[in-house]
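Reader: Please take me through the strand and helix packing of this model, with the cut-offs behind each term.

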Amino acid sequence: MDIPETRYATTEEGISIAYQTVGDGPVDLVLDTAIFGNVEIMWELAPLADLFGRLSSFSRLILHDCRGTGISGGYSVPNLETRARDLLTVLDTCRSTRTALFGALTGGAALAMFAATYPDRVSSFVWFNALARTSRSPEYPWGDTPEEQRQTIEGVREFIGKPEAIRDWLEENGPGLVGDERLIGQIARLDRHFIAPSTAVDWVRTWFETDVTHVLGVISCPTLLIDHEASPTGAAESRFVQALIADAELVLIPGDPGQMVFSDRGFITDTVREFLGVERKPIVADTVLASVLFTDIVGSTEKQASLGDRAWNELVGRHHAIVRDALERWRGVENDTAGDGFFATFDGPARAVRCALDVIDRVRDLGIEIRAGVHTGECEVIDGKHAGLAVTIGSRVASIAGSSEVLVSRTVKDLTAGSGFTFEDVGDHELKGVPHRWHLYRVVG
């Protein structure tokens, strides 16, 4: 196939995201290429070109390089919400209003975040070899141990772009491709044009800290999971994900599970085509994944008593102006204001945290301090306002916070890996009226 023209979508902060479209099928299909991508170089690999050709035979295929990789701009590893927002920018630029998503491994996790956050933009979701997380835990025994993670992080720098390392990896993970020196050389070249070794280290470290388990229950679009019949774990990780996504289907395909994701031979693309070809009624989602932020002034009653009503009202007005300015800066939406408190929502948890830190810093000039709580979860949208248990949880988290303190739920911590925050564990807490105990963290950097 001829390499399609590469274009650029520009994000709100001016970052250039490289993308391509190929094919003119009846459905738009995003393929996440974050595990092997450079939108121009990857066409040189016959297995990838074949995969793209098969997918574009029944869709308008949309490819893009994540910021900081390939030929997209940016110098740091993007977190999940940034990747979702960048993809939204690409879809807006190429006028795709409703899109099917297809990703593999951890790339599918980023698309899961998108599907939960922007349900009205997603028609369906396909996830090959689903990985909701990569770190081992009692409820997720297939992840890597801390020692395995350390070895992977140390080894990735020596792997990127080196034919001898790729050859060794294929002997264990893709024996059917061992001996194809031309392909090995092409993979090495793609690696070098995809990601720098130091960035790859940051990328892997970020993924070991990421967990989208709590996002999966919010996904409302038709979802297909694909795994291998010969999976050594019995497709256990895909079944784990299937149990968390309502009505998700799981299809097991033949072939060697050790082969690389782009060694398709038609099994994957035929399954995707059949799934997308089913006539479906559009699903109108009444819930979305949202990050809720609650703030209020600490010691407000005492402050009001010492100032008097008139001075207090002037102070509250200045406080409100600061909060609303921060909401505009960090793209938050004011849902409610009661006295000196604010309730706002964001389409990403990192922006909610940054907004809270911004307000804390700026209101000090007024001689006051605030406290803040952030939680990410499934919210109902009623008359343009967010409601539901996630909102209650956010409010309760804020009520526990101290002066100039931002407390977050574990979900927020898991979804903001790579955002540059430092979290201090503050243990389990009971939240009034909310079932179970909740693990909370203090933002310290």
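The questions and answers below go from the sheet to the helices and then to a single residue.

Author: This is a predicted model, in which local features need pLDDT of at least 70 and side-chain atom pairs count only at pLDDT 80 or more, while totals for chains, interfaces and linings use all residues. Residues are numbered from 1 along each chain as its sequence is written, and side-chain values use heavy atoms, with hydrogens and water left out.

Reader: In what order do the eight strands form the open sheet?

Author: Strands here are DSSP runs of E with at least two residues, helices are runs of H or I with at least four, and both are numbered from the N terminus. Two strands pair if DSSP finds at least two bridges between them. The edge strands, which pair on one side only, are strand 1 (7-10) and strand 8 (249-253). The pairing is mixed, and the order is 1-2-4-3-5-6-7-8.

Reader: Is strand 7 mostly covered or exposed, and which of its residues lie on each side?

Author: Buried means under 20% relative accessible area, exposed over 50%, and partly exposed in between, with a 1.4 Å probe and protein chains only. Six of the six residues of strand 7 (residues 223-228) are buried, so by this definition the strand is mostly covered. Both faces are covered, with T223, L225 and D227 on one side and, on the other, L224, I226 and H228.

Reader: Which residue of strand 8 stands opposite H228?

Author: Strand 7 and strand 8 run parallel and are joined by five bridges. The residue opposite H228 is I253.

Reader: At what angle do helix 2 and helix 3 pack, and how are they therefore described?

Author: Axes are lines fitted to C-alpha atoms, for helices over the stretch in contact, and angles run from 0 to 180 degrees between N-to-C directions. Helix 2 (residues 80-93) and helix 3 (residues 105-117) have axes 9 Å apart, at an angle of about 70°. Angles under 35 degrees count as roughly parallel, over 145 as roughly antiparallel, 65 to 115 as roughly perpendicular and the rest as oblique. The two helices are therefore roughly perpendicular.

Reader: Why does T206 count as buried, and which residues is T206 in contact with, leaving aside neighbours within four places in sequence?

Author: T206, in helix 7 (residues 197-208), counts as buried because its relative accessibility is 10%. Contact means heavy atoms within 4.5 Å. Leaving aside those sequence neighbours, the contacts of T206 are V77, A417 and G418.
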